[in-house]
Amino acid sequence: MMQTRAERDLGRVQSLRLVLYRILFTRDVTDFAGLAQTQASLIRADHDDETLERIAAALTWATTRPNFDYKSLLPHMPHSSARLYDYLCKLARAMGVA
């Protein structure tokens with residue numbers, strides 16, 4: 001069964017929230033590179049293959065959209081959309097999807 005665009009978008013949002021939630025309570029995120037590598041390992045350990053595929057697809061999508069409002073995915077996130085985009089790109093590289 002084919003997914004609608006709205007269903008694909010919702011799936012992406014949910015997958016991005018999964019990875020962004022891991023840094024929700026991180027106050028200082030100046031070194032995203034190390035944090036991303038740590039988070040990539042935790043994400044691989046915490047999720048099944050199907051969820052990891054969805055996360056990889058969402059990260060691939062995110063890396064091509066620097067102007068998306070990533071802060072809107074978790075409004076209480078203490079980081080700017082630009083910082084979140086940077087984190088998602090580094091996480092995508094750490095997970096081997098970008």
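From the N terminus on, the elements of this protein chain run α-α-α-α, with four helices and zero strands in total, where helices (H or I, at least four residues) and strands (E, at least two) are DSSP runs numbered from the N terminus. The model is a predicted one, in which local features need pLDDT of at least 70 and side-chain atom pairs count only at pLDDT 80 or more, while totals for chains, interfaces and linings use all residues. Residues are numbered from 1 along each chain as its sequence is written, and side-chain values use heavy atoms, with hydrogens and water left out.

Of the 98 residues of the protein chain, 38% count as buried, a term for under 20% relative accessible area, against over 50% for exposed and partly exposed in between (1.4 Å probe, protein chains only). Among contacts (heavy atoms within 4.5 Å) with a separation of 6 or more, 73% come from residues 24 or more positions apart.

Thr63 lies in the loop between helix H3 (49–62) and H4, and its side chain reaches the backbone oxygen of Thr60 at 2.8 Å. Not counting residues up to four places away in sequence, Thr63 touches Tyr85, Leu88, Cys89, Ala92 and Ala98.

Ser81 is found in helix H4 (residues 81–94) and is buried, with a relative accessible area of 18%. The side chain of Ser81 reaches the backbone nitrogen of Tyr70 at 3.1 Å, and, leaving aside neighbours within four places in sequence, Ser81 is in contact with Phe68, Asp69, Tyr70 and Lys71.

Key: A polar contact is a pair of N or O atoms within 3.5 Å; within protein, one must be able to donate a hydrogen and the other to accept it, and residues adjacent in sequence count only if both atoms are side-chain atoms.
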